[in-house]
Every structure is written in C-alpha cells, then in structure tokens.
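Trainee: I would like to learn how to read the local features of a model, with the general idea followed by the particular case. Please take me through them one at a time.

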Amino acid sequence: MSLKSERRGIHVDQSELLCKKGCGYYGNPAWQGFCSKCWREEYHKARQKQIQEDWELAERLQREEEEAFASSQSSQGAQSLTFSKFEEKKTNEKTRKVTTVKKFFSASSRVGSKKAEIQEAKAPSPSINRQTSIETDRVSKEFIDFLKTFHKTGQEIYKQTKMFLEAMHYKRDLSIEEQSECTQDFYQNVAERMQTRGKVPPERVEKIMDQIEKYIMTRLYKYVFCPETTDDEKKDLAIQKRIRALHWVTPQMLCVPVNEEISEVSDMVVKDIIEMDSKRVPRDKLACITKCSKHIFNAIKITKNEPASADDFLPTLIYIVLKGNPPRLQSNIQYITRFCNPSRLMTGEDGYYFTNLCCAVAFIEKLDAQSLNLSQEDFDRYMSGQTSPRKQESENWSPDACLGVKQMYKNLDLLSQLNERQERIMSEAKKLEKDLIEWTDGIAKEVQDIVEKYPLEIKPPNQSLAAIDSENVENDKLPPPLQPQVYAG
C-alpha cells in the first residue's frame, strides 16, 4: 500500500516510513528508522548494558587488586613482578573501558549521534519535548477514556491521531495555510472512514470528531495559534487601535435596543466574548461566541419584552465588541477558521454566530460617519478626541445610579463644554489673524499704487558758492587788500 499526496503528486511507500521495530508509528531517519518511543527504549537498553559492564569491570579490577596484594605477601621479588603485571593489566582494562564508552557515544555506532541531537534540538518531537501541562494531560486522559468505549474503532482512531500528530511535527516548516489544509484533510478522512468502514452513526461521528479536535488542537495550539510567519498579530493591534478610537460610540448611534442598566446585560455579555481568548480548542472558542450571542438575545428580549430579531442582534453584537475590545480578536477568528471542524462552521448555531462575529468585525473596520448617521465633521472630531457625544443628562438618572458615575458624566459634560469654548476661541483667533494679514496686505498694495502713480523725483543738489575770503584771486579780480600805514606825528 502506498500513500499518495494528490496536492504534490508524490508517491511514498508506507513501509519505508514506519518504525523498523514494527510498532506502527513513523520512523525517523536520524534515529536509524526507529520512532521516538522505540528509540528511547533502545537508548535505555544500551545505557543499562554499558552501566552493567562498567560495574563488572570495577568488580574484576577490585578482585585482581586484592589477589595481587595477597600474592605480594609471599615474596618481595615476586611482588614487584606481580605488581607490574597488575598495573599493566589495570591500565589496559581502563583503556578498553574508555574506548568502549567513547565508542558507545561516537557518531558511527550510536543511534543518537551528535548530528541527530542537533537536529532533534532544532525540531523537538512533541511526544518528547512538549511542555507538560495539567490541561494537556487531562485532555489526553479524557481522549483515551472516551475511545475505550469504542473498542476496535477507538484503537484505530487513536492510532490515526498519533500518526497525524507525528506527521504535523515534521510539517512545522510549512505555511500555516498548508498546515490548515492538512488538518482539514485529516478531519474529512477520519469522518469518512468512520461512516463508510466503521458504519458509525452520524451523531456519534460528530461526538468523536469533537474529541479528536480537542485532543490534537490542545497539543498543536502553541505552534499554530498566531504564528510568527503570519500577520495575525499586526491585524490584532490594528483592530484594537480601531476599537479604542471608537470608544465614544453610544448604543443610540447603532440603534441598539438594549438597556445597559439591566444586570443581565451589563457585564455578562462582555465577559463571554473576552473569555474566548483563554480557550485553546476551536470548538471551545466557538462555544464562548455562542454563549455571548445567546446572552445578547436574552438581553434584547428583556429590554423589549418580545423575542429578538436578527436586525436587533447584529447591531448589539457590534456594540458589545466595541465595548469589550476582545484580546487577539483577529488571531482567534483566523485560528477558528483554519483549524475548526468544517462541519461545525458550515452548519448549526455555532457557524451562524461565528459568521455574525466576522460581519461585526468587518463593519467596525469600515465604520464611517454615514454608518452612524453623523456629519463628517462631527465624526472626525469624535475620532480625533477633540470632543465626545453628549452623555446622559443628570435628571434622567435613576435614583439607584452610582454617584461616582453621575459625577464622572457631569465632569465629562463640563470638559466637553470647555472644549467647545476653546474651539470657538481658537476659531475666532484664527479669523482675526487672517483679517490682520489681509489688512496689512491691503495697506501695502495701496502704498504701492500711490508710489507708482506719483513717482518721487529726486533732483541733483545745486553747486555751492565760493567763500568771500577765498584766495581765488584770478576769478574774483579783487584788488589787493589795503596795507596799514603809519604816520609820524
């Protein structure tokens, strides 16, 4: 019999993949064809054998040493010879012991060579190096106890499940989409085999598939949930940031027919959807979504005093997601889509509620002003945090409302009013600044027009007159100055 991969067109002989000891599990070439369990058994057997040989060697050396000491008492000359031979023999035995130990741990004779250890450390087997946890042990015990009731069919299912887990260990390098495809193929093959060969009723097939999913996904959870090779974490951060920015959305904006003051509505619904991230099995995550959705229908029924409709359910679910902001929302949705039993997603109430959750997330990602019947200006102001919608008026509070909550909303209202006043002041200041700039530009333009119309002509200065007492005699033609004369009396 051969295994055929239709997706890749590869033919593999099953006998070459199974353990050489014949236990039925897949063998590993690095362990010389043994599976992990048989390899451990062979390793412990060889180690116990080596320890036994070491003890026998130590006892023999001790006996020979005692015999050599006894013979040394007979004669001094024989003592030297005997002791020399004893030392030589003891050295040879020790050398053989070291050689045996080295040979046992060498790469040529040991199954777990150094190269195999490196390979094993790089890709540890889930059956050997998996992290032991209480939940994993509990799920394994429950799975085995559940299969015991099916006798031969249960043994075959357990064998197929173990082979699938071993195969998934060697497929961790594949993309998450390929691993998801392998898991979905396994679900389909096991279900078809139980229906065709085992003649198992559909109701029991569904219960068995739930237990199989719980068992394998509990073991594979840490490898396939939000893997580093995907952008799931990036999407988680984006949707969390988006929901935080929409914290101001009120039930009235979404037309949510739910009264939040009712105890059955306030905390229970949000708690259910937040709890989804703590589950490891896709079916358990779906159960949290279903539980949350049923609480929503119950809350609508209590508020309206009539059965809820689908038109009321989806807006309420959107508001619950905005209010709760579930952790790793996109990762949980992708995990359920990839590794949940397909029959559960395509039929039943679980699939219906999960589809509504996906629609709610898509609506939140594309939510705009038109979706909330708001103007684009108000929507942008709310998104930027400049202001927030007016909260409930104090006169509408019930007498049993918390005083702290009342004061909080009152303070928020005052802050909103102060924010509006600040915005008006800033708007007037910007308008005044604009008017001043326009006035300055107008004055400058008028001055420029006057200068161009009446240009200023600056004439050159007149030539300065010469001083009267200058020495320029040639030009002035002045007579020489009078000389004083002295008369004798």
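Mentor: M408 is partly exposed, with a relative accessible area of 42%, where buried means under 20%, exposed over 50% and partly exposed the range in between (1.4 Å probe, protein chains only). The model is predicted, so local features need pLDDT of at least 70 and side-chain atom pairs count only at pLDDT 80 or more, while totals for chains, interfaces and linings use all residues. Residues are numbered from 1 along each chain as its sequence is written, and side-chain values use heavy atoms, with hydrogens and water left out.

Trainee: Which residues form a nonpolar patch on the surface?

Mentor: A patch is made of residues with over 30% relative accessible area and no salt bridge, nonpolar side chains (Val, Leu, Ile, Met, Phe, Trp, Tyr) being joined within 5 Å and like charges within 9 Å; a salt bridge is a side-chain nitrogen of Lys or Arg within 4 Å of a carboxyl oxygen of Asp or Glu. Here V405, M408, L412, L415 and L418 make up such a patch, with about 420 Å² of accessible area together, as given by the Shrake-Rupley method with a 1.4 Å probe, where for residues only the protein chains shown count as cover. M408 belongs to helix α19, which runs over residues 403-453.

Trainee: How many helices and strands does the chain have?

Mentor: Helices (H or I, at least four residues) and strands (E, at least two) are DSSP runs numbered from the N terminus, and this chain has 20 helices and 2 strands. Of its 489 residues, 33% count as buried.

Trainee: How many aromatic pairs are there?

Mentor: Rings of Phe, Tyr and Trp (its six-membered ring) pair if their centres lie within 6.5 Å, with planes under 30 degrees apart called stacked, over 60 edge-to-face and the rest tilted. The count by this rule is 15 aromatic pairs. One of them joins F225 and Y335 edge-to-face, at 5.3 Å centre to centre and 80 degrees between the planes. This pair links distant parts of the chain, since F225 is in the loop between α9 (202-224) and α10 (232-245), whereas Y335 is in helix α15 (residues 329-339), 110 residues apart. F225 counts as buried at 7% relative accessibility, and Y335 is likewise buried at 1%. F297 and Y353 give a tilted case, 6.3 Å centre to centre with 50 degrees between the planes. Here too distant parts are linked, F297 being in helix α13 (residues 282-304) and Y353 in helix α17 (residues 348-365), 56 residues apart. F297 is partly exposed at 21%, whereas Y353 is buried at 9%.

Trainee: Which residues do ring pairs link into a cluster?

Mentor: The cluster consists of Y221, F225, Y335 and F339, linked by ring pairs.

Trainee: Where does the charged end of R172 sit?

Mentor: A charge sits over a ring if NZ of Lys or CZ of Arg is within 6 Å of the ring centre and within 35 degrees of the ring normal. The charged end of R172 meets this over the ring of Y223, at 3.7 Å from its centre.

Trainee: Which residues have a positive phi although not a glycine?

Mentor: Most residues other than glycine have a negative phi. H151 has a positive value of about 55 degrees; it lies in the loop between α6 (134-148) and α7 (152-169) and is exposed at 58% relative accessibility. N373, in the loop between α17 and α18, has a positive phi of about 60 degrees and is exposed at 66%.
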